[in-house]
Amino acid sequence: MHIQEPLYSDFQKLFRLHYKTLCMHAYKYLADADESQDAVQEVFVKFWEIKQEMVNDKNALYYLITAVRNNCISRLRKKVHTISMEDETVFNKITDTPLEEEETKETADIQTLVDEALALLPPKCGAIFRMSRLDKLTYQQIATELGISIKTVENQMGKAISIMREFARTHYIPLSVLLSLIYFLEHRGILNFYV
């Protein structure tokens with residue numbers, strides 16, 4: 001593959017700028033410095049191979065954070081059959097490790113993006129979206145709790161996903177990444193989403 005020098009130079013800058021922070025992020029999942037570095041390096045290699053057009057995109061960091069998280073979770077799943085009781089601390093790192101100072105700003109940036117997206121949802125639509133995607137209720141459970149039909153729930157969820165998809169498109173990030181960022185903030189307990 002022919003390497004475009006200016007683009008590759010920008011990629012190297014992106015790598016230097018975020019490598020350490022992404023390694024700290026990976027460490028929260030893996031609790032192993034070497035494996036965390038491997039996970040981040042693997043993400044950067046794949047990023048260069050298939051996402052070169054995002055090198056100078058303002059949302060590249062959001063993509064990388066999600067990719068690192070997914071890579072770490074994938075690595076943990078592969079280990080799950082051999083992990084002993086003592087090694088449960090690997091999983092506890094996800095929730096027990098406080099955010100590092102450098103990651104706090106990035107999390108705030110992510111939160112701003114997510115807040116903007118969720119603010120676009122009308123109240124009823126937002127309530128149904130939260131119940132379905134975050135509280136993990138079935139459409140039937142939502143319909144029963146709100147006293148509405150399943151068809152109304154389906155329509156409102158369709159509307160919510162459509163709004164999210166359009167927001168993601170205008171911010172040049174995949175819908176799946178936006179939804180992952182919402183889950184990331186919810187998991188951290190810092191999602192500002194009240195309906």
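R169 and E166 lie three residues apart in helix 8, about one turn of the helix. The two residues form a salt bridge, with their closest N and O atoms 2.5 Å apart; a salt bridge here is a side-chain nitrogen of Lys or Arg within 4 Å of a carboxyl oxygen of Asp or Glu. By this rule the count comes to one salt bridge. The model is predicted, and local features need pLDDT of at least 70, side-chain atom pairs count only at pLDDT 80 or more, and totals for chains, interfaces and linings use all residues. Residues are numbered from 1 along each chain as its sequence is written, and side-chain values use heavy atoms, with hydrogens and water left out.

**Overall architecture**

- The secondary structure comprises nine helices and zero strands, where helices (H or I, at least four residues) and strands (E, at least two) are DSSP runs numbered from the N terminus.
- Along the sequence, the pattern reads α-α-α-α-α-α-α-α-α.
- Of the 195 residues of the protein, 45% count as buried; buried means under 20% relative accessible area, exposed over 50%, and partly exposed in between (1.4 Å probe, protein chains only).
- Among the contacts with a separation of 6 or more, 73% come from residues 24 or more positions apart; contact means heavy atoms within 4.5 Å.

**Helix 8**

- Helix 8 covers residues 150-170, and its 21 residues should span 30 Å at 1.5 Å a residue, in agreement with the 30 Å between its end C-alpha atoms; the expected span is 1.5 Å times one less than the number of residues.
- The buried residues of helix 8 are V153, Q156, M157, A160, I161, I163, M164, F167 and A168.
- Viewed down the axis of helix 8, these buried residues fall within an arc of 160°, so they line one face of the helix; the arc is that of the directions from the helix axis to the C-beta atoms.
- The exposed residues K151 and R169 are carried on the face turned away from the buried side of helix 8.

**Helices 1 and 2**

- The axes of helix 1 and helix 2 come within 8 Å and cross at roughly 145°; axes are lines fitted to C-alpha atoms, for helices over the stretch in contact, and angles run from 0 to 180 degrees between N-to-C directions.
- The crossing of helix 1 and helix 2 is right-handed, a term used if the near helix is turned clockwise from the far one by less than a right angle, with left-handed used if anticlockwise.
- Residues making this contact include L7, F11 and F15 of helix 1 and V40, F44 and W48 of helix 2.

**Positive phi values**

- Most residues other than glycine have a negative phi.
- A31 has a phi near 55°, a positive value in a residue other than glycine.
- A31 is found in the loop between helix 1 (5-30) and helix 2 (33-50), and is partly exposed, with a relative accessible area of 25%.

**Surroundings of L181**

- L181 is found in helix 9 (residues 175-188) and is buried, with a relative accessible area of 1%.
- Leaving aside neighbours within four places in sequence, L181 is in contact with Y62, T66, I110, L113 and V114.
- L181 and I110 are 71 residues apart in sequence and 7.1 Å apart in space, C-alpha to C-alpha.
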